[in-house]
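Visitor: I would like to learn how to read the features of a structure step by step. Could you put it on the screen and take my questions in turn?

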Amino acid sequence: MRPILLQGHERSLTQLRFNSEGDLLFSCSKDHIINVWFSHNGERLGTYEGHNGTVWTIDTDSQSRFLVSGSADNELRLWNVSDGKCLYVWEFPTAVKRVAFSEDDERVVCITEQRMGHQCVIRVFKLNRDGDGTAQSLEPEHMFSPIGSKATVCAFTYTPNLIITGHESGKIALFDVATGTEVLNNERAHMDVVTDLQLSTDRSYFVTSSKDKTARIHDTKTLRVLKTFTTETPLNSAALAPNKPYVLVGGGQEAMQVTTTSLRQGKFETRFWHKVFEEEVGRVKGHFGPINTIAVHPAGTSYASGGEDGFVRVHHFEESYFRAKPYGDLQLED
């Protein structure tokens with residue numbers, strides 16, 4: 001499995017995203033730039049320039065028409081995917097740490113940082129998809145501040161108006177965006193900050209990673225922890241492989257402590273865990289620093305990882321990966 005090395009960023013990666021077809025890979029980093037690549041050969045298609053700070057987060061809609069991005073310059077931007085034009089800019093008092101589209105592409109949820117006397121705020125914007133997309137409303141449809149620990153990650157569930165959030169304390173919660181009330185929570189989902197949250201294809205369960213060195217699969221409806229994958233390094237990202245029972249996790253020690261240890265001790269591999277048996281089944285080396293973000297192709301044919309070293313590595317799975325029988329002779333029906 002030879003990786004394709006994508007060198008389009010000068011600083012560490014913050015998030016990777018495939019579009020819904022999987023032919024495009026979006027990457028954002030601390031160098032203020034968003035890149036888009038062809039996922040099959042790693043050719044760079046273009047850049048989205050305009051942010052004036054670390055781009056923390058990106059998401060694209062299911063039609064690959066719009067891209068939203070959140071940055072440390074306190075802006076949420078809406079882009080046209082095909083020509084790289086910035087269509088609209090929302091400005092906030094603090095940095096935007098996470099954005100996500102709803103399943104029907106009609107709404108965007110964003111989390112702004114708790115800082116300088118400002119609370120952590122979750123806002124939901126209704127997108128106007130008519131015309132060229134520049135006529136957006138400045139005011140959010142809903143906004144509220146979660147009480148207690150600040151939110152770090154979020155996503156829409158399959159229920160309208162319900163979002164999942166992951167928090168700094170390790171808490172996972174469900175919020176009703178219309179009322180801003182916490183419908184359900186699991187305070188002990190993790191013991192430390194939740195670093196990533198990715199939903200399954202049907203949004204019925206989701207995987208989270210945390211600095212407490214574990215990744216966990218939770219049920220979306222009840223927030224019950226279904227599976228736990230324990231590693232020996234803080235995790236920055238976890239992703240679910242479609243069509244195969246694997247969870248991919250990546251992390252590594254904090255960048256500031258990396259110089260004191262060797263590569264092997266730093267644990268900069270992507271690890272594959274069997275999501276049913278909770279056993280580690282493989283590792284892929286490659287990065288020269290902690291892995292910050294992992295994204296899996298929606299068809300499950302490849303995955304990409306972005307590291308503190310500024311590289312994106314795209315791995316296309318070999319035939320042996322698809323031939324493997326993770327359950328023995330048992331065949332799963334989709």
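Visitor: In which sense do strand E12 (residues 121-126) and E13 pair, and over how many bridges?

Guide: Before the answer, please note that this is a predicted model, in which local features need pLDDT of at least 70 and side-chain atom pairs count only at pLDDT 80 or more, while totals for chains, interfaces and linings use all residues. Residues are numbered from 1 along each chain as its sequence is written, and side-chain values use heavy atoms, with hydrogens and water left out. Strands (E, at least two residues) and helices (H or I, at least four) are DSSP runs numbered from the N terminus, and two strands pair if DSSP finds at least two bridges between them. Strand E12 and E13 pair in the antiparallel sense over 3 bridges, and Val124 stands opposite His142 in E13.

Visitor: To which sheet do these strands belong, and which strands are its edges?

Guide: In a regular strand the side chains alternate between the two faces of the sheet. Here, the order E10-E11-E12-E13 describes an open sheet of 4 strands with antiparallel pairing. Its edge strands, each of which pairs on one side only, are strand E10 (96-101) and strand E13 (142-144). On average, neighbouring strands of this sheet are turned by 15° against each other, direction ignored; for such angles, axes are lines fitted to C-alpha atoms, for helices over the stretch in contact, and angles run from 0 to 180 degrees between N-to-C directions.

Visitor: What is the strand order of the open sheet that contains E2?

Guide: That open sheet of 4 strands has the order E2-E3-E4-E5, again written with antiparallel pairing. Between E2 and strand E3 (residues 24-29), the antiparallel pairing runs over 5 bridges, with Arg17 opposite Phe26 in E3.

Visitor: Why is strand E19 described as largely enclosed?

Guide: The reading rests on accessibility, where buried means under 20% relative accessible area, exposed over 50%, and partly exposed in between (1.4 Å probe, protein chains only). In strand E19 (residues 205-210), 5 of the 6 residues are buried, so this strand is largely enclosed by the rest of the structure. Strand E18 (residues 194-199) pairs with E19 in the antiparallel sense over 5 bridges, and the bridge partner of Leu197 in E19 is Thr208. E19 also pairs in the antiparallel sense with strand E20 (residues 214-219), over 5 bridges, and there Phe206 stands opposite His218.

Visitor: Is Ser64, in its loop, buried or exposed?

Guide: Ser64, found in the loop between strand E6 (55-60) and strand E7 (66-71), counts as buried because its relative accessibility is 14%. Phi of Ser64 is positive, near 55°. Glu278 likewise has a positive phi near 55°; Glu278 lies in the loop between strand E24 (270-274) and strand E25 (279-284), and is partly exposed, with a relative accessible area of 33%.

Visitor: Which residues line the second largest pocket?

Guide: Rolling a probe the size of a water molecule over the atoms shows where empty space is left. On a 1 Å grid over the protein atoms alone, where a 1.4 Å probe is used, a pocket is an open set of points with protein on both sides within 12 Å along at least five of seven lines, and lining residues have an atom within 4 Å of a point. The lining includes Met1, Tyr246, Phe272, Arg283 and Ala324, and E25 gives the largest share, 4 residues. The second largest pocket holds about 150 Å³ of space, the volume being the space filled by probe spheres set on grid points that are joined across faces, edges and corners.
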